[in-house]
Structure formats: C-alpha cells, structure tokens
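Please look over the sequence and the model below. The paragraphs that follow go through the structure step by step.

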Amino acid sequence: EQTYPNLLFCIFVLFPAMSVFLFVPNLIGYLRIVMLVLTFALSLPPHTLLALYLAQAFLDWVDGIAARRLGQCSAFGAWLDVAVDNTGRTLLWCLAAPSVGPVVACLEWLAFVCTHTLGQHWKGQFDHAPTWVAAVMANGFKSPAGIFTIGALHILPVWLYALSHSLFTFMTTLPTLTLFCTGFLILGRLYCAAVESWVISRHVAALASLHDQQAGSEQRK
C-alpha cells in the first residue's frame, strides 16, 4: 500500500528535474490527451463527441487553478497546456470545417511555435507590440479585446461543429440570431488570426535579423 507514495518520494528526491512531469496540473494534461484520443479515435455520435470534447476543455480550466493553488506552475506545464489545446482544436476544426479548418489549425500551430521558442517568457515579446495586438494581451487576455478573440478562438470550432450536425435544434427557429452569433465569432477569430500573423511575421523578421548579425560577425572575422 505504501509502494506508490514511496515511488513518488524517490522520484522527487533522486530526480528533482523529473518531478515536474508528475505535477498535478500536468497529470490533468495527460488525462486530457487520453480524452482527446477517445473523442476522435472512436466513432462516437456527434453529441457524445462534443460532450467529451467540452469535458476535456473544462479540465483546461481546472489544471490552471491546480497549478496556481499548488504552486506548480512550470514552463513544461505552460507548453503542455497550449499544445493540448491546439491538438483538440485542430481535430475539431478538421471535422467542423474540412475546407478551412486545416488552414486555421496550421496558423495556430505556427503561432505556437513562434511564441513558445521563448519558453515561459513568451508573453514578454508583446511588450512593444502594436496597440491592437497589446489590447488582446492586456492583463493576461482579461480585457475586452482578449475575451473577444480568445473566446472566438475556443468557441467558433465548437459552434460550427454543432451547427453542422444540427445539435442546436432550437437555433433552427432563430436564423437571424444564428447568423449574428456565427458572424460575431468569425469576426473574433479573424482578429485572433491577425494577431497570430503579426506574431509569425515578427518571429520571421527576428530570425532574418539574427542571420544578418551572424553574417556581419563572420565578415568582421
């Protein structure tokens, strides 16, 4: 009965660098991965698939609380959290809108690569961003622009999937409201895409500048 606690103790004491993989929020992240595999690998009815997807998305909120309450925030955890988010949205986008979903997913992954090359300090690159970009990032996305864009980022693929499978049956009697909500979410996602494009272009420009600096250094030698 004491084997598991003793094993954890040995890992934390003898391999402190490995202990981050057993942080509670990261364990929740692994559970989310399992749930995503089950969600999209099994031939589930649309309403069951969406319910399971939303359940793992809810755990994204739970792991953030756990990380802060337990003092277990980490660079690995931040990376894992966003990676799982992107994986889930990628899979849902491909089902919800097969024609444009992969393009949206690629943009998200490119932005992810560009931001997380800086590790847990990735948000620092927005310190001197244009006003319309900084407005999204202000107060950790807890701003009108941040809520608008991040909300659309998460909700739009869910909304489109639900509409494509007629899961919101009550909306069939409210076509104007459905059109308004769809347009509102698309507008927010386009704003988010503009921010992602700025991040990618800035990263590419930084890489080009680094190449020029290295070339100049070689010439001086």
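The side chains of Glu 108 and Arg 89 are joined by a polar contact of 2.9 Å in this predicted model. Another arginine is also involved: the side chain of Arg 189 makes a polar contact of 3.2 Å with the side chain of Glu 108. Glu 108 is placed in helix H5, which covers residues 101-116. Is Glu 108 buried or exposed? Its relative accessible area is 4%, and the limit for a buried residue is under 20%, so Glu 108 counts as buried. Leaving out residues up to four places away in sequence, Glu 108 touches Asn 86, Arg 89, Trp 93, Leu 153, Arg 189 and Glu 196.

The whole chain can now be placed around this site. The protein chain has 8 helices and 0 strands, and its pattern along the sequence reads α-α-α-α-α-α-α-α. Of its 221 residues, 37% are buried. The accessible surface of the chain is about 13100 Å², and carbon and sulfur atoms account for 72% of that area. How many of the contacts between residues at least 6 apart in sequence join residues at least 24 apart? The share is 67%.

Next come the aromatic rings. A pair of aromatic rings is described by two things, the distance of the centres and the angle of the planes. The structure holds 10 aromatic pairs. One of them is formed by Phe 58 and Trp 61, with 5.5 Å from centre to centre and 40° between the planes, which makes the pair tilted. Both residues belong to helix H3 (residues 46-69), and because they are 3 residues apart there, about one helical turn separates them. Phe 58 is partly exposed at 48% relative accessibility, whereas Trp 61, with a relative accessible area of 54%, is exposed.

Trp 109 and Phe 112 form another pair, in which the ring centres are 5.5 Å apart and the planes stand at 90°, so this pair is edge-to-face. These two residues lie in helix H5, 3 residues apart, or about one turn of the helix. Trp 109 has a relative accessible area of 30% and is partly exposed, while Phe 112, at 8%, is buried. Ring pairs also link Trp 109 and Phe 112 with Phe 21, Phe 76 and Trp 79 into a cluster.

Two members of that cluster, Phe 21 and Phe 76, are touched by Asn 26, along with Val 20, Ser 74, Gly 77 and Leu 80, when residues up to four places away in sequence are not counted. Asn 26 lies in helix H2 (residues 24-41). Its relative accessibility is 2%, and Asn 26 therefore counts as buried.

Apart from its neighbours within four places in sequence, Leu 92 is in contact with Phe 40, Leu 49, Tyr 53, Pro 157, Val 158 and Tyr 161.

Key: Residues numbered from 1 in each chain as written. Predicted model: local features only at pLDDT ≥ 70, side-chain atom pairs only at ≥ 80, totals over all residues. Heavy atoms only, no water. Helix = DSSP H or I, 4+ residues; strand = E, 2+ residues; numbered from the N terminus. Buried < 20%, exposed > 50% of the residue type's maximum accessible area, 1.4 Å probe, protein only. Polar contact = N/O pair within 3.5 Å; in protein donor to acceptor, adjacent residues only side chain to side chain. Contact = heavy atoms within 4.5 Å. Areas by Shrake-Rupley, 256 points an atom, 1.4 Å probe, with all protein chains shown as cover. Phe/Tyr/Trp six-rings, centres within 6.5 Å; stacked < 30°, edge-to-face > 60°.
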